[in-house]
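Let's take a friendly tour of a protein model. Have a look at the sequence and the structure, then read on.

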Amino acid sequence: MSMVADDLVAYLDGLNKLVLSAPVDGRADTKVTVRPIALRGKAFFQLEYQCGAQVRHRNVAKGQLPELFERELDGVYRQVVLCTNNETRQYIRKANGSYRCTAKDESRRAAPSLTHNRAKEYILREGENIPALVDLGVFTQDFRIVRSKYDKYKQINRFIELVDDAFARLEREDVTILDFGCGKSYLTFVLYYYFAVKRGMRTRIIGYDLKADVVARCNEIAQRYGYDGLRFVVSDVTRDALYDEPIDMIVTLHACDTATDYALHYALSRGVRHIFSVPCCQHEINAQIQKGGDFDLLLGHGLLRERLSALLTDAIRAAVLEDMGYSVDVIEFIDFEHSPKNLMLRAVKNKRPGHRRLEQARALAAQYGFRQTLLELTAQEQA
Ligand SMILES: C[S@@+](CC[C@H](N)C(=O)[O-])C[C@H]1O[C@@H](n2cnc3c(N)ncnc32)[C@H](O)[C@@H]1O
């Protein structure tokens, strides 16, 4: 047992990262990075094996790491860096296979232990080996954020944090998600990475979009990285038949105009438990609304009319969801500077249906002379 193996046992509780590089035996995995993760509330370590542009992951229970290290990794990499909460230690392999510690840096500030919040820091770190994000142009080849994609990166990271808040404590082994209007699918890939790789869950995600070329490219990338549970389908979500087995979550991120309504309606009609929806271009009401009451003052200026229409649209969506048995939070999911379209409807199905808000929404629509897609789809269903 080498000095590194000894130190690994000694520092296991505070271990933040272990990086092994420069293999001595020409093995294909040029680098192995070990990090703590929390899976279904339990402490694990995730080993990330890097082989050229390919990476694969393996999760082991915390207590099994020393044994795995001794069996498979000890002595076969020239350089090892071990980071704990308090210090960083570097080791170099000697000719006889043992290690010597060449540097210690004890200046690191003590970090809190691996609580839920601590685990959240590990969601989508810059420098994390997520090769699909390199293909999608969000990360550079060395996993730095592409400057022009910084806002997108912030949005996705926050989106995943909110998903993590909802799922972290659930003892689930599998998950099925539909993404409506997935576009270039930054979010879709990261959702897959979060559930399948980070949390080790059986994950099925389908992204729908109108654009055949974008869908084909996303499928190519998913295949390249062996993301078997991730696929993309060319569909018009307003009219095509979609996946119809049990679904745990529906997400939309800036799906255009009424595509959001069809996504929400799909979730309602299938009793999908979790919805995370960030609407955009709410044009529908703006194109129809007429003077009719107390809000008339707001309708005399184009900009105010547009904003009022967008607010009405999302207020009606929230009202429909609430009366269909969902608890709804309307939140600013990201600072305005990272996207002006920063309102999220976060909904979970956990209560009895009602009708009061639906009635209020219908009265507003009648008074101001507009139709709203989700309201109409719900009415058709209830008729
Ligand atoms: C602004 S992009 C957002 C893409 C992605 N969700 C993101 O945030 O990066 C909106 C996407 O919705 C897609 N879309 C709009 N209407 C759609 C519909 N009826 N069915 C499927 N996709 C739709 C568009 O093709 C476009 O890719």
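## Helices on a sheet

Across which strands does helix α5 lie? Helix α5 (residues 150–167) lies across β11, β12 (274–280) and β14 (343–349), and runs at about 160 degrees to β12. Keep in mind that this is a predicted model: local features need pLDDT of at least 70, side-chain atom pairs count only at pLDDT 80 or more, and totals for chains, interfaces and linings use all residues. Residues are numbered from 1 along each chain as its sequence is written.

Helices (H or I, at least four residues) and strands (E, at least two) are DSSP runs, numbered from the N terminus. Angles run from 0 to 180 degrees between N-to-C directions, with axes being lines fitted to C-alpha atoms, for helices over the stretch in contact. Contact means that the C-beta atoms of two residues, placed from the backbone, lie within 7 Å.

## The sheet itself

Seven strands make an open sheet with mixed pairing, in the order β10-β9-β8-β11-β12-β14-β13. Two strands pair if DSSP finds at least two bridges between them. At the edges sit β10 (230–234) and β13 (326–332), each pairing on one side only. From one strand to the next, the twist averages 15 degrees.

β9 and β10 pair in the parallel sense over five bridges, and Gly-207 stands opposite Phe-232 in β10.

## Two domains

The protein splits into domain 1 (3–115) and domain 2 (150–382), with bounds from an automatic or database domain assignment. Their centres, taken over C-alpha atoms, are 40 Å apart. Six residues of domain 1 are in contact with six residues of domain 2.
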